[in-house]
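Dear colleague,

My notes on the contact between its chains follow.

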Amino acid sequence: MSRADSLESLKTRIAGIERARAVEAAVLAGTGHAGIDAALGGGLARGRVHEVFAAQAEDAGCAAGFVAGLALRLGLRLDGTLVWLREIQAEKQGGRLHAPGLVEIGLDPARVIIGVLPDPQAVLRAAADVVRCPEVGVAVIELWREPRLLDLTASRRLALAAETSGVTVIALRIAASPSPSAAQTRWQVSAAASAPMEANAPGYPAWRVELLRQRGRPSGGDWRVEWNREQACFANADTASDCGPDAGGFAAIAAAPSGAVLPFSAGRPVDAPPRLRHAG
Amino acid sequence: MRHPDCDTPDDTPLVLVEKVRGAMRIAATCSQAAALGLNAGLALADARAQVPLLAVTDHDPAADLAWLERLADHCDRFTPLVAIEAPDALALDITGCAHLFGGEAPLLADVARFMARWSDDVRLACGDTPEAAQALARFAPAGTSFESEDATLRRLPVAALRIEEETQTALIRAGLKTIGDLAMRPSAPLAARFGEDLVDSLDRLLGTADSRITPRRAAPALRFERRFAEPIGRTEAAMAAIGELAEEAAVVLEQRGMGGRRFIARFFRSDGRTYDLATESSLPMRDPDVLMRLLNERLAALADPVDPGFGFDMIRLAVPRIEPLTPAQLQLEGGCVADEAMAELVDRLSTRLGRGAIRRFEPRDSHVPEQAALTLPAVDLPAPAAWDAPQQGEPPARPIHLFDPPQPIEVIAEVPDGPPHRFRWRRSQHHVVRFEGPERIAAQWWKHAPGKSPGLTRDYYRVEDARGRRFWIFRHGLYETEKPDPRWYVHGLFA
């Protein structure tokens with residue numbers, strides 16, 4: 001075999017090895033929101049890692065709802081299982097996942113398996129197993145704060161496993177700040193005022209969603225989206241009335257039925273009758 | 001029985017003492033002390049007066065029981081049916097086991113050899129009923145041959161019946177000193193004079209009434225064992241032997257059309273210590289490869305690793321729980337395969353992380369929010385349940401995160417039943433911009449005794465604060481009718 005021939009055969013072999021690992025064109029799942037889909041070039045890629053950061057720890061509930069919505073868009077409407085891994089600490093601090101609440105988002109709790117694990121290490125180890133199982137539809141890995149174990153290597157390992165098995169991974173990060181990772185997209189979610197229903201009742205779930213980064217496409221984008229359970233899609237919420245921080249919310253309530261407004265303490269009940277603060 | 005960790009010289013009489021109504025009294029004695037006339041119940045001061053050189057240790061019944069439990073674990077190698085007869089005896093049901101050891105006498109010799117490692121004061125006996133065996137062990141003089149069990153039993157004193165002391169004294173006064181004396185008499189007059197219990201214990205002792213032991217563990221549905229002539233010193237080799245047993249088990253299970261839901265691999269170390277590896281599966285299974293993967297997971301996850309020490313001389317694979325398992329038919333869409341793959345993932349994670357770590361939701365018919373949904377171990381719950389559909393066109397009525405217990409908040413609210421205006425939760429102030437409610441959820445009055453307060457009514461509000469966060473908060477108790485100043489709580493967070 002001549003030198004050129006052997007070089008050629010080596011090249012084909014390397015190409016074969018690389019193709020096995022090469023990123024095949026991912027299946028895109030549209031979010032239903034025109035602006036987001038345009039920015040993503042069609043939708044969210046399946047079989048990839050997507051990171052969702054809660055803007056503040058208090059936004060944990062919002063971010064969980066957004067993740068449930070994403071999971072539905074990623075194919076859980078029809079089939080598949082959602083595996084949601086979290087720490088015991090998260091369960092205590094942020095409240096446990098409430099099945100009737102998942103039903104209200106449109107997710108069937110019968111198709112959800114939750115893992116409540118003692119520490120971030122156990123979460124990541126279990127995640128490695130879950131992501132390797134192609135029968136899992138979507139895996140949600142909820143991590144609080146910034147565990148040392150979740151470095152670039154760990155996130156790359158997850159991304160590779162997800163590409164091989166086709167499981168879509170959503171890393172839900174709470175009380176953490178974005179850091180380099182192998183994720184396909186990175187989002188930041190915070191609560192947004194909902195479009196009020198009749199009698200000024202809170203409306204459908206609404207979020208302010210920011211696309212911090214995505215691979216291979218320009219990043220950036222900031223939308224206010226609303227969740228439509230009936231069609232299981234995200235919709236534009238910009239039509240909803242804006243309510244700035246500390247806007248005159250009381251004005252709305254001031255018109256509410258009159259009565260005395262009293263403080264109620266969270267501590268031990270006071271013996272003396274509470275002082276009258278304001279007579280409506 | 002002398003504890004192994006007791007370091008007094010062997011020839012010193014040993015007594016265990018406990019405090020009875022302020023006085024130190026002997027609770028148990030060793031054989032030398034007993035030979036010197038020291039008995040349980042004697043005051044320690046009196047005992048010291050009789051025998052000045054006396055080793056005294058505190059009586060610890062819990063440690064005794066733990067020791068007995070360990071010995072019972074060791075006896076598991078002779079028969080799966082082992083019972084503890086507190087405070088100082090073990091009963092082994094050897095029905096159908098003796099032939100494995102070549103008969104009752106060789107089995108007894110085997111047990112004696114085995115027990116000699118821990119104690120030089122073990123009394124053993126074999127009997128037709130558990131009571132007979134105990135009576136022979138406790139009361140038959142040493143060196144009695146058990147050729148004629150009935151004759152030996154008849155020579156035992158009435159104390160062997162283990163009846164109340166008063167009855168014993170009454171029997172002896174009546175001249176009935178041995179079991180034989182009693183057995184000769186008709187039972188009706190005995191029952192009339194000494195009570196029904198006496199006749200019952202006599203019948204059980206002599207085997208005319210049926211009597212069984214209550215084993216610590218139920219006998220497994222299937223078990224497979226391997227004994228080694230030479231102890232094997234490596235855990236890997238033991239696991240390989242377990243693998244062979246798993247294959248045997250798979251063959252038997254397949255013949256019966258069954259699959260196991262629970263498997264226990266037990267390692268018997270030659271010095272008597274035992275280790276268990278237990279695993280569970282959410283679907284019945286018999287595939288030896290899958291089983292071995294689960295057991296290896298369990299082995300890797302053990303907090304207290306399996307230490308072969310001087311080697312294992314026996315291993316056993318028990319299948320305590322079996323369920324029908326028909327050969328699976330492949331579906332065209334692959335639904336069956338997907339279910340099985342998910343079940344396997346759940347089994348693997350549950351085996352490694354504990355059965356409570358991987359859970360599924362289960363609906364409950366309760367209007368109390370925290371009881372409406374349970375999370376149960378996923379290995380227990382293979383069949384998914386149906387959930388109520390939400391109301392069309394309405395925003396979510398239940399939060400995605402639920403706090404249990406609810407978190408107390410400071411609230412400024414309208415009285416008597418108005419909505420909250422603002423509240424303070426986790427050191428930050430929230431101004432309520434929108435609200436809906438109240439949704440009144442009453443306490444479960446039907447679960448409480450009449451006349452007693454069933455608990456407070458909760459008035460739930462869905463509120464949204466100025467920054468767009470949605471909370472589920474409630475007032476615990478109706479203002480003034482139930483409570484003068486009801487407390488407020490955050491119960492959940494909406495998406």
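How many salt bridges does the rule find across the interface of chain A and chain B? The model is a predicted one, and in it the rule finds 4 salt bridges across that interface. One pairing of charged side chains may be inspected directly: R352(B) and D129(A) form a salt bridge, with a distance of 2.4 Å from N to O.

Polar contacts were also examined. Between chain A and chain B, 25 residue pairs are in polar contact, both residues being at pLDDT 80 or more. On the side of chain A that touches chain B, helix α5 (residues 99-105) of chain A gives the largest share, with 7 residues. Sorted by class, that side of chain A comprises 50 nonpolar, 20 polar and 15 charged residues.

As to the extent of the interface, 85 residues of chain A are in contact with 74 residues of chain B. The area buried between the two chains is about 6,900 Å², and carbon and sulfur atoms give 61% of that area. Of the area that chain A buries against chain B, 12% is supplied by R96(A), P202(A) and F264(A), which is more than any other three residues supply.

The two chains are also joined through strand pairing. Strand β6 (residues 112-117) of chain A pairs with strand β10 (residues 358-363) of chain B in the antiparallel sense, over 3 bridges. Within this pairing, G115(A) has I358(B) of β10(B) as its bridge partner.

Yours sincerely

Terms used
Residues are numbered from 1 along each chain as its sequence is written. Chains are lettered from A and ligands numbered from 1 in the order in which they are written. This is a predicted model: local features need pLDDT of at least 70, side-chain atom pairs count only at pLDDT 80 or more; totals for chains, interfaces and linings use all residues. Side-chain values use heavy atoms; hydrogens and water are left out. Contact means heavy atoms within 4.5 Å. Buried area is the accessible area (1.4 Å probe) that two parts lose on being put together, summed over both. A polar contact is a pair of N or O atoms within 3.5 Å; within protein, one must be able to donate a hydrogen and the other to accept it, and residues adjacent in sequence count only if both atoms are side-chain atoms. Helices (H or I, at least four residues) and strands (E, at least two) are DSSP runs, numbered from the N terminus. Ala, Val, Leu, Ile, Met, Phe, Trp, Tyr, Cys and Pro count as nonpolar, Asp, Glu, Lys and Arg as charged, and the others, Gly among them, as polar. Two strands pair if DSSP finds at least two bridges between them.
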